[in-house]
Amino acid sequence: GTSADLALVTAHMVRRDVKSALASVARIEKKQPDQARFAHIRGQIQMQAKDRAEARKSFGRALELDPTYFPAAMALAALEIADKKPADARKHFESMLTRDARNWRAMLALADLHAKEGDREGKVLPLLQDAVKQNPTVNEPRVALVEYHLAARRYDMALSAAQEALA
């Protein structure tokens with residue numbers, strides 16, 4: 001089954017046998033060609049082999065199969081950042097949000113990218129607030145909002161956000 005195949009991929013990677021790991025992933029993809037996670041795993045293996053071009057294709061394929069597959073968007077964004085293309089990195093998460101406006105992972109990743117660029121457009125706080133508003137039962141956006149206020153030394157706002165989370 002797939003679990004055994006994935007264990008085999010892991011075993012190959014532990015031995016740094018990229019060729020065998022890629023062959024194992026190919027067998028999995030043949031059985032389940034519509035699964036984004038296997039294209040993503042292929043991309044991870046290619047990244048370990050320092051084959052960024054092929055990894056980029058694999059991560060892109062994962063997003064073709066599932067446009068909301070967050071790990072592939074994160075991997076592509078990391079490649080874009082490494083290539084000094086932050087606007088391209090942001091597009092991966094913006095695209096996810098057009099498909100799922102409540103995707104808190106994409107919102108937090110986009111907020112993080114804006115923060116790393118200095119937040120010249122003032123987009124971080126609205127993204128964090130929207131992530132909290134759209135996902136009231138998810139802890140991660142609330143924690144990110146509290147951390148944002150703490151980093152900005154707005155302790156009263158951090159306290160208020162934390163108290164709202166506990167209410």
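Tutor: Let us start with helix α4, bearing in mind that this is a predicted model: within α4, the residues Ala55, Ser58, Phe59, Ala62 and Leu63 are buried.

Student: What makes these residues of α4 count as buried?

Tutor: A residue is called buried when its relative accessible area is under 20%, and Ala55, Ser58, Phe59, Ala62 and Leu63 are buried in that sense. Seen down the axis of α4, the buried residues fall within an arc of 140 degrees, so they line one face of the helix. In general, an α-helix has 3.6 residues a turn, so residues three or four places apart point the same way.

Student: Which exposed residues does the face turned away from the buried side of α4 carry?

Tutor: That face carries Lys57 and Glu64, and exposed means over 50% relative accessible area. The cover over the buried residues of α4, on the other hand, includes α3, α5 and α6.

Student: How do you know that the span of α4 agrees with what a helix should give?

Tutor: Helix α4 has 14 residues, which at 1.5 Å a residue should span 20 Å, and because its end C-alpha atoms are 20 Å apart, the two values agree.

Student: What makes up the lining of the largest pocket?

Tutor: The largest pocket holds about 350 Å³ of space. Among the 21 residues that line this pocket, Leu108, Ala109, Asp112, Leu113 and Lys116 are the closest to its centre. The lining divides into 16 nonpolar, no polar and five charged residues, and α7 gives the most to it, with eight residues.

Conventions:
Residues are numbered from 1 along each chain as its sequence is written. This is a predicted model: local features need pLDDT of at least 70, side-chain atom pairs count only at pLDDT 80 or more; totals for chains, interfaces and linings use all residues. Side-chain values use heavy atoms; hydrogens and water are left out. Helices (H or I, at least four residues) and strands (E, at least two) are DSSP runs, numbered from the N terminus. The expected span of a helix is 1.5 Å times one less than its number of residues. Buried means under 20% relative accessible area, exposed over 50%, partly exposed in between (1.4 Å probe, protein chains only). The arc is that of the directions from the helix axis to the C-beta atoms. Contact means heavy atoms within 4.5 Å. On a 1 Å grid over the protein atoms alone, a cavity is a set of points where a 1.4 Å probe fits but cannot get out, and a pocket is an open set with protein on both sides within 12 Å along at least five of seven lines; lining residues have an atom within 4 Å of a point. Grid points are joined across faces, edges and corners, and a volume is the space filled by probe spheres set on the points. Ala, Val, Leu, Ile, Met, Phe, Trp, Tyr, Cys and Pro count as nonpolar, Asp, Glu, Lys and Arg as charged, and the others, Gly among them, as polar.
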